[in-house]
Amino acid sequence: MTVETIQKETKKDTQSPSQIMLDIRNLKKVYPTPKGDYVVLEDLNLQIMKEEFVTIIGHSGCGKTTMLSMIAGLNEITKGDIAVLGQPIKGPGPDRGVIFQAPSLMPWMSALQNVMLGVNQVFPHATKAQRLDIAKYYLQKVGLEDAFHKKAKELSQGMQQRVGIARAFAIKPKVLLLDEPFGMLDSLTRGELQDTLIEIWNKEKITAVMITHDVDEAIFLADRVVMMTSGPKAKIGDILAVDFKRPRTRKAILASNDYYKYRKHLIDFLEH
Amino acid sequence: MKQSVVLKTNERSLVLKALSRLKFKRLKFELVPSLKKLLIPVSSILVFLGIWYLGAESLRQREIDFRVEKAFSDQGQAAADALTLCFAANDPSCQTNTLPSPAQVWSSLITLIDDYFIIKQDKLDFKAKTEAINETRIAQGNDPIVYTGRASFVDQIIRSLKTVFAGFLLALIVAVPLGIFIGLSPALKNAFNWFIQVFKPVSPVVWYLLVFMIVKTMLIDSTEDNSFTISFISVGLCSMWATLVNTAMGVSSVDKDFINVAKVLKLGTFQKIFKVILPSALPFIFTGLKITMSVGWMVLIAIELLAQSPGLGTFVWEEFQNGANDSNSKIIVAMFVIGVIGFLLDRFMLSIQNAVSFEKTDAI
């Protein structure tokens with residue numbers, strides 16, 4: 001499946017059901033408060049194709065993270081359905097890997113042990129050597145071949161998030177959920193990590209849903225950018241198909257006129 | 001930067017000069033803070049000894065004045081003069097029974113150490129003397145003759161340490177698993193909360209009495225001395241609360257992100273506890289154990305005293321009861337020994353804590 005076939009595709013009924021990886025229908029989330037129910041999300045519909053990279057952008061507090069943690073199964077669904085490959089989700093599971101905003105590594109474990117924690121769980125029948133190979137492969141992919149045995153707390157924030165990326169890819173999830181994974185990093189490190197992420201993603205083509213606050217990041221990484229309306233009762237406001245060929249380079253994208261068109265589109269949406 | 005410029009000029013003498021100046025400067029810098037670091041505690045110790053000396057002197061004078069006054073009113077001038085002279089000559093028959101001076105405490109320490117060697121020699125002699133007899137007694141199926149002389153100060157310290165470690169181990173075995181269960185389950189937390197809140201502030205003395213009631217009855221048919229059992233169980237019960245509360249808190253306050261990671265990876269309960277929750281709660285658990293150790297050592301003295309279990313507590317109490325000339329200074333020696341050992345135990349726990357947990361803790 002190429003980028004072209006899904007570009008500017010916003011109507012779900014023309015999409016072939018067999019190509020839908022993640023299906024969110026009529027999703028609703030209500031938080032009870034002393035002053036009555038607070039509706040965070042309502043009537044949220046989103047279909048994400050196999051091998052698609054979708055970024056979600058919206059104002060702070062609009063319910064992006066709520067939606068993502070509901071997909072991850074960490075937050076209960078009030079109403080509606082979330083299905084992966086047609087199967088409704090039941091709680092959290094390794095078929096939906098998560099990269100959290102904070103690296104969330106166990107500080108007392110080495111980088112390798114942190115990755116192995118997931119690998120051991122997902123490939124229980126592989127031999128120890130095979131599992132080590134998997135973990136090491138992904139750590140190499142994120143550029144940490146020299147830091148296998150460093151304790152997580154000894155790594156910089158950026159390196160910790162690299163381990164987080166390796167851990168998420170190493171369990172070979174069907175869907176990768178990224179909750180503003182680079183939000184805590186400085187812009188230089190952020191750029192490096194975006195490159196690392198997209199490089200490893202180009203190989204693995206794991207369906208990805210990523211929350212971001214950064215318009216440039218959203219365009220650079222995504223096949224489609226989903227814009228969410230501000231809460232309460234947030235839903236999908238608009239979807240922008242990003243029609244750049246992969247593999248992408250930052251330079252080529254910045255040189256393209258479309259980039260500024262996309263950027264304007266997103267900023268116009270966010271400023272209204 | 002400066003150094004590299006100097007090197008570029010390639011003048012050896014200049015480089016050497018610069019280096020020697022650098023070294024000298026560094027030496028000066030290192031010496032001053034270390035001297036300062038040493039000076040402050042040393043001077044504070046001197047001030048402490050000075051205040052102690054002056055306080056002890058004034059208390060002694062007060063007692064002497066009172067006793068001379070009393071002798072004067074009861075027996076007249078001659079008796080009062082004789083008593084004054086007797087005190088001035090520091091005669092063993094005229095000793096004050098008040099706070100001893102630092103010098104008296106020091107000499108008592110020396111006495112206690114000498115005493116240790118005397119008793120040690122005694123024991124060796126005893127062993128040599130009874131060895132042959134004991135062999136035949138054992139061959140005949142009788143109990144060997146054992147040394148029943150008085151225990152030395154060092155023996156009592158060792159006995160106290162044994163008691164506190166046994167109590168600490170008991171606290172560890174009971175409080176850590178219980179704390180983990182309480183921390184993991186909100187229902188258990190509710191069930192145990194009143195229990196902890198009510199029993200935590202109970203005095204060591206009352207714990208001792210409770211343990212005494214129970215153990216005495218349980219070992220009712222035993223003829224052996226159970227004071228050790230009673231005292232270590234009491235120490236364990238008094239001191240385990242800090243570990244219990246800290247463990248429960250550490251376990252229930254594990255970083256939400258770690259729990260989410262465990263959930264996403266679908267770790268089993270066993271793995272979740274041993275790979276995520278326990279390592280993350282370890283600093284809390286060790287803080288609790290450190291407090292348990294110091295509380296245990298603190299209450300030990302009172303409990304040994306009550307239980308008549310040989311040890312520092314009994315030593316202090318016996319010295320107080322026997323009222324010899326140097327009893328008071330021996331009590332003060334015991335006080336310092338208790339303090340120093342408590343401090344060392346604390347350091348010992350801290351070093352274990354730093355070795356096993358991922359967060360380094362500074363001494364407080």
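Reply: Let's start with what buried means here: a residue is buried if 20 or more other C-beta atoms lie within 10 Å of its own, with C-beta atoms placed from the backbone. On that count, buried residues make up 27% of the 364 residues in chain B. Keep in mind that this is a predicted model.

Of the contacts in chain B with a separation of 6 or more, 73% are between residues 24 or more positions apart.

Now for the close-up. Two packed helices are described by the angle between their axes and the distance between the axes. The pair to look at is helix H5 (residues 153–184) and helix H10 (residues 269–307), both of chain B: their axes come within 9 Å and cross at roughly 135°. Angles over 145 degrees would count as roughly antiparallel, and 65 to 115 as roughly perpendicular; H5(B) and H10(B) are therefore oblique to each other. The crossing of H5(B) past H10(B) is right-handed.

Which residues meet there? On the H5(B) side they are B:Ser160, B:Thr163, B:Val164, B:Gly167, B:Phe168, B:Ala171, B:Leu172 and B:Val176. Facing them from H10(B) are B:Ile285, B:Leu289, B:Thr292, B:Met293, B:Gly296, B:Trp297, B:Leu300 and B:Glu304. Sorted by class, that contact has ten nonpolar, five polar and one charged residues. As for the spacing, an α-helix has 3.6 residues a turn, so residues three or four places apart point the same way.

H10 also takes us out of chain B. Across the chain boundary, 13 residues of chain B are in contact with 17 residues of chain A. Helix H9 (256–264) and H10 of chain B each supply at least two residues of the side that touches chain A, and H9(B) gives the most, with six residues. That side of chain B divides into eight nonpolar, one polar and four charged residues.

Over in chain A, strands come into the picture. Strand E1 (residues 20–33) pairs with E2(A) in the antiparallel sense over ten bridges, and a hairpin joins the two through two residues. A:Leu22 stands opposite A:Ile48 in E2(A).

Most residues other than glycine have a negative phi, and most peptide bonds are trans. A:Glu51, though not a glycine, has a positive phi of about 60°, and it is found in the loop between strand E2 (36–49) and strand E3 (53–57) of chain A. With 18 C-beta neighbours inside 10 Å, A:Glu51 counts as partly exposed.

A:Lys233 is another non-glycine with a positive phi, near 55°. Its place is the loop between strand E9 (224–228) and E10 of chain A, and A:Lys233 is partly exposed, with 17 other C-beta atoms within 10 Å. A:Pro247 is in the loop between strand E10 (236–241) and helix H8 (250–255) of chain A.

One last stop is helix H2 (residues 64–72) of chain A, where A:Lys64, A:Met67, A:Leu68, A:Met70, A:Ile71 and A:Ala72 are buried. A:Gly73 follows H2(A), with a positive phi near 90°.

How values were computed: Residues are numbered from 1 along each chain as its sequence is written. Chains are lettered from A and ligands numbered from 1 in the order in which they are written. This is a predicted model: local features need pLDDT of at least 70, side-chain atom pairs count only at pLDDT 80 or more; totals for chains, interfaces and linings use all residues. Axes are lines fitted to C-alpha atoms, for helices over the stretch in contact, and angles run from 0 to 180 degrees between N-to-C directions. Helices (H or I, at least four residues) and strands (E, at least two) are DSSP runs, numbered from the N terminus. Angles under 35 degrees count as roughly parallel, over 145 as roughly antiparallel, 65 to 115 as roughly perpendicular and the rest as oblique. A crossing is left-handed if the near helix is turned anticlockwise from the far one by less than a right angle, and right-handed if clockwise. Two residues are in contact if their C-beta atoms, placed from the backbone, lie within 7 Å. Ala, Val, Leu, Ile, Met, Phe, Trp, Tyr, Cys and Pro count as nonpolar, Asp, Glu, Lys and Arg as charged, and the others, Gly among them, as polar. A residue is buried if 20 or more other C-beta atoms lie within 10 Å of its own, exposed if 12 or fewer, and partly exposed in between; C-beta atoms are placed from the backbone. Two strands pair if DSSP finds at least two bridges between them.
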